[in-house]
Amino acid sequence: MNIKVLDTTLRDGEQTPGVSLTASEKFRIANQLDEIGIDYIEAGSAITSNGERESIKEITKQGFNAQILSFSRPLTVDIDYCLDCDVDAVNLVVPTSDLHIQDKLKTTRDELLKLSNNAIDYCKDHGLIVELSAEDASRSDVDFLKRVYADAIDHNVDRICVCDTVGILTPDNSYELFSKLNDLPVPIACHCHNDFGLAVANTLSALKGGVSEIHTTINGIGERAGNTSFEECVVSIDRLLPQFDTNIKINEIYDISKLVARLTGVYIQPNKAIVGENAFSHESGIHSDGIIKNSATYESITPELVGRKRKFVIGKHMGTKGLNNKLKELGMNVDEDQLHQICDNIKVLADKGKTVTDVDLQVIANNVLEVNHEDRISLDEVTIVSGNKVMPTASVKITVDGEQILNAGVGLGPVDAAINAIKSLDVFNDIDLIEYHVDAITGGTDAFIDVIIKLQKEDKVVSARGTEPDIINASVKAYIAGVNRLLRD
Ligand code: MN
């Protein structure tokens, strides 16, 4: 059975605390929603503001494949604004719980029915498609809910929707509620909220209960804990519920998820299903080994299915097979011995509580790979005197072509002093430092300092790197590594 998807990222999603989208941002999202195969796009709520109406008009103008809806209360003032925006359809939202009828609207069930029926008539008279959403339906008296829907059907409503407005359904209750309504002669939709983290589960149960349309938002954004997450729900339908399908191009899911995260500023938790940073990342040696042999061992779906790539994360749980894979990704070929050395060095770093990044791995691997080269210069000792009242002074002991040399230098800062002490020696003639760049690899003052330099001798330019907890050692190491490389080739 084919399931229709109504996406409400631009209406319920925009009601996420702190989120407000410009017209051009809304347009970009709508464009992607249409491209990925969403059937119905709820573009906003026309009554809200001039700006909101402008952005809805911009969307309705495009002639998208998707049907474009606006949210509307059952009031002619709202419906007129929807007509002004030239939408195809309205999501007519009518509260049906006594709590909402009495405490929010201060009215009665009978008055509410009149309001609902009149609004449907007004919409139909003006050529609008109507989806009637019963707000707080999950806390409404089921007999009254059925009455609202039966009246709506008498007034030629096109579709009806059951809203779990405060997210209190469970998968069992959801199935039960929808089973009581599935004899209605119009399509039934469900609109779930994630207050107990059950929105996707309840939506999937609703499908089994007979709904043929689901409401979702990209990344599950929405009021409070959000709405049913589009990507989790659609991929679950595709992979776990073979009796249903949707019109969604699943391999474009990651792109739209990233777009919405970027434009709304609501970032995705790393362990979120399907689109989270870690959803297809592997660190453990046992898992990586299994994945390399057959990805089905530790992945229920392939990352490519949703437009992503698998990642092997560097860390202390990593085995040599995963590490070797990662090194190949970075364009480095190592032998068995070097691989084990690199692996041991990573574990030393990780045991110190460091996050090991790709850059760290490159540095560690380079250090191991370059050990066998005959270097002409090596550093034996560096001593620095520095402070707020002294001229930074460095003394160095280095070995050049087997001969130990002692030298000293001053500079503007301790790094400058150390480099000056080294480069005043003859062997460094004609070598220019043309670039010097420092990064703290991790956050704190105990961070590893990553120094990248570029050196030039005549026409030749080389880069070198030094990574140490100490900025002076890192700089000196990078400098000497660079000079060795220049002299070597
Ligand atoms: Mn909602």
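Let's start with a charge and a ring. The charged end of Arg 308 is placed over the ring of Tyr 254, 4.1 Å from the ring centre. Here "over" asks for NZ of Lys or CZ of Arg within 6 Å of the centre and within 35 degrees of the ring normal. Arg 159 and Tyr 40 give another case: the charged end of Arg 159 sits over the Tyr 40 ring, 3.8 Å from its centre.

A word on the model. It is predicted, so local features need pLDDT of at least 70 and side-chain atom pairs 80 or more, while totals for chains, interfaces and linings use all residues. Residues are numbered from 1 along each chain as its sequence is written, and side-chain values use heavy atoms, without hydrogens and water.

Now the layout. The protein chain splits into domain 1 (4–264), domain 2 (281–369) and domain 3 (377–488); these bounds come from an automatic or database assignment. Between the C-alpha centres of domain 2 and domain 3 there are 31 Å.

What lies between domain 2 and domain 3? The largest pocket does, because both domains give residues to its lining. A pocket is an open set of points on a 1 Å grid where a 1.4 Å probe fits, with protein on both sides within 12 Å along at least five of seven lines; lining residues have an atom within 4 Å of a point. This pocket has 22 lining residues. Nearest its centre are Asn 367, Glu 370, Arg 465, Lys 477 and Ala 481.

Which elements supply at least two lining residues each? They are helix α14 (358–369), strands β11 (377–385) and β16 (460–468), and helix α16 (471–488). Helices (H or I, at least four residues) and strands (E, at least two) are DSSP runs numbered from the N terminus. The largest share comes from α16, with 7 residues.

Back to rings. How many aromatic pairs does a search of the whole structure find? It finds 2. One of them is Phe 27 with Phe 64. Their centres are 6.4 Å apart, with 25° between the planes, and the pair is stacked. Pairing needs centres within 6.5 Å; stacked means planes under 30 degrees apart.

What does this pair join? Phe 27 is in helix α1 (residues 23–36), and Phe 64 is in the loop between α2 (50–60) and β3 (67–72), so the contact ties together parts 37 residues apart in sequence. Phe 27 is partly exposed, because its relative accessibility is 22%. Phe 64, at 15%, counts as buried. The cut-offs: buried is under 20%, exposed over 50%, partly exposed in between (1.4 Å probe, protein chains only).

Next, backbone angles. Take Asp 136. Its phi is near 60°, a positive value in a residue other than glycine. Asp 136 sits in the loop between β5 (129–135) and α6 (142–154). Is Asp 136 buried or exposed? Buried, with 0% relative accessibility.

Now Asp 430. Its phi is also positive, about 70°, and again this is not a glycine. Look for Asp 430 in the loop between α15 (414–423) and β14 (431–440). This residue is exposed, because its relative accessible area is 52%.

Last stop: Tyr 149, in helix α6. Its relative accessibility is 0%, so Tyr 149 counts as buried. How far is its C-alpha from that of Val 266? The answer is 36 Å, for residues 117 apart along the chain.

How values were computed: Rings of Phe, Tyr and Trp (its six-membered ring) pair if their centres lie within 6.5 Å; planes under 30 degrees apart count as stacked, over 60 as edge-to-face and the rest as tilted.
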